[in-house]
Amino acid sequence: MASSIDLTRQPRTAVIFPGQGSQAVGMLQELSEIYPQIQQTFAKASELLEVDLWAICQDESKLAMTEFTQPALLAASIAIWRILQPTFIDPESQSSSPTSFKLPKPLFLAGHSLGEYSALCAAGVIRFEDAIPLVYKRGQLMQQAVAETSTAMAAVLGLEDQCVVTLCERTCDLIEGAVVNAANFNSPGQVVISGNKLGVDNVIENVQTTGKKAIPLKVSVPSHCALMQSASAALAQELEKITFFEPTIPVIQNRNARAETDTAAIKQALIEQLSEPVLWSQTMNILADKQIALLIECGSGNVLSNLAKRQAQPIISYPTDKPMRLDKLFKELS
């Protein structure tokens, strides 16, 4: 279990941003009735895309479309970030926050897959006005890359990381036409695989022979696998159109589980991220090694907070997507 937080001193804090799979119909509805930042952020995102993104969040079939899922989740994360941002105080400073609530200023940011764009936006690396159209385009490129391919993803439970990697490699070597990779190293004993249906189905069968579980996931595109290489090349061209700035808060990126400061390196990590695995367990280990005692999940759902409990070095994590959850964060830490 995660250790308790010493509330007599400001805990070292990081903010984490969820990716695809965290979306839910009607997400942030309750928060939107209390905090104007929600509707303001979605209104701007809708203006940028020339669609009603908030209405799409109420439509299950449209929200499931990757090109809409991605900007919707980014808008949700940044809207909550805008609620939290005025409450952050520097642990070394005695200055008061402009609100009655005070939270420790995060020392690091990180985002899972798509969530990395939210983290970079929060850190000032990418402007929100650039990030929303960028992830919309990213979703389109991902869908186009597999438009004529039957694809799948699955969560493998109970096997060591290297065992899953080996199963994927053997499947590709032994079965003609099979494409499957380890896509997300989420926590010890949980690895998501991604590829074409032939490859993923064969790995699932092999996992089941070991007595472990492999659960197919409902996704529209197979993220972080070799099938995304054409999308990576196209994304590189899109990234060249956008100005990147140095991060105001270090962002630990998925590709190498490290915080880059050079904008060219940040862009390259985003390009490679699309077809390479998400090193989330490694990211969580780095945060633990940096003595981070508190995580704030900034966005829809609580997927990352649940994963934080399962890490080799668990860290207490607070989700923030509902008034009750946000109130708990403020009351316990202010």
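How are α7 and α10 oriented to each other? They are roughly antiparallel (angles over 145 degrees count as such).

This is a predicted model, in which local features need pLDDT of at least 70, side-chain atom pairs count only at pLDDT 80 or more, and totals for chains, interfaces and linings use all residues. Residues are numbered from 1 along each chain as its sequence is written, and side-chain values use heavy atoms, with hydrogens and water left out.

**Helix pairs**

Helices (H or I, at least four residues) and strands (E, at least two) are DSSP runs, numbered from the N terminus. Axes are lines fitted to C-alpha atoms, for helices over the stretch in contact, and angles run from 0 to 180 degrees between N-to-C directions.

| Pair | Crossing angle | Axis distance |
|---|---|---|
| α7 (128-145) and α10 (229-239) | roughly 155° | within 9 Å |
| α2 (36-49) and α7 | about 60° | 10 Å |
| α8 (161-174) and α9 (197-209) | roughly 125° | within 10 Å |

Contact means heavy atoms within 4.5 Å. On the α7 side, Leu 134, Lys 137, Arg 138, Leu 141, Met 142 and Ala 145 make the contact. From α10 come Ser 230, Ala 231, Ala 234, Leu 235, Glu 238 and Leu 239. By class, this contact has 8 nonpolar, 1 polar and 3 charged residues. Here Ala, Val, Leu, Ile, Met, Phe, Trp, Tyr, Cys and Pro count as nonpolar, Asp, Glu, Lys and Arg as charged, and the others, Gly among them, as polar.

Helix α7 also packs with α2. Thr 41, Lys 44, Ala 45, Leu 48 and Leu 49 of α2 meet Phe 128, Glu 129, Ile 132, Pro 133 and Tyr 136 of α7. The classes are 7 nonpolar, 1 polar and 2 charged.

Helices α8 and α9 are oblique to each other. Their crossing is right-handed. Leu 167, Cys 168 and Thr 171 of α8 meet Gly 199, Asn 202, Val 203, Asn 206 and Val 207 of α9. This contact has 4 nonpolar, 4 polar and no charged residues.

**The largest pocket**

On a 1 Å grid over the protein atoms alone, a pocket is an open set of points where a 1.4 Å probe fits, with protein on both sides within 12 Å along at least five of seven lines; lining residues have an atom within 4 Å of a point. Grid points are joined across faces, edges and corners, and a volume is the space filled by probe spheres set on the points.

The largest pocket has a volume of about 900 Å³. Its lining holds 35 residues, and Gln 20, Gly 21, Ser 22, Leu 217 and Val 219 lie nearest the centre. Elements giving two or more residues include α7, β5 (151-157) and β6 (180-187). Helix α13 gives the most, with 4 residues. The lining divides into 16 nonpolar, 15 polar and 4 charged residues.

Terms used
Parallel < 35°, antiparallel > 145°, perpendicular 65-115°, else oblique. Left-handed = near helix turned anticlockwise from the far one by under 90°.
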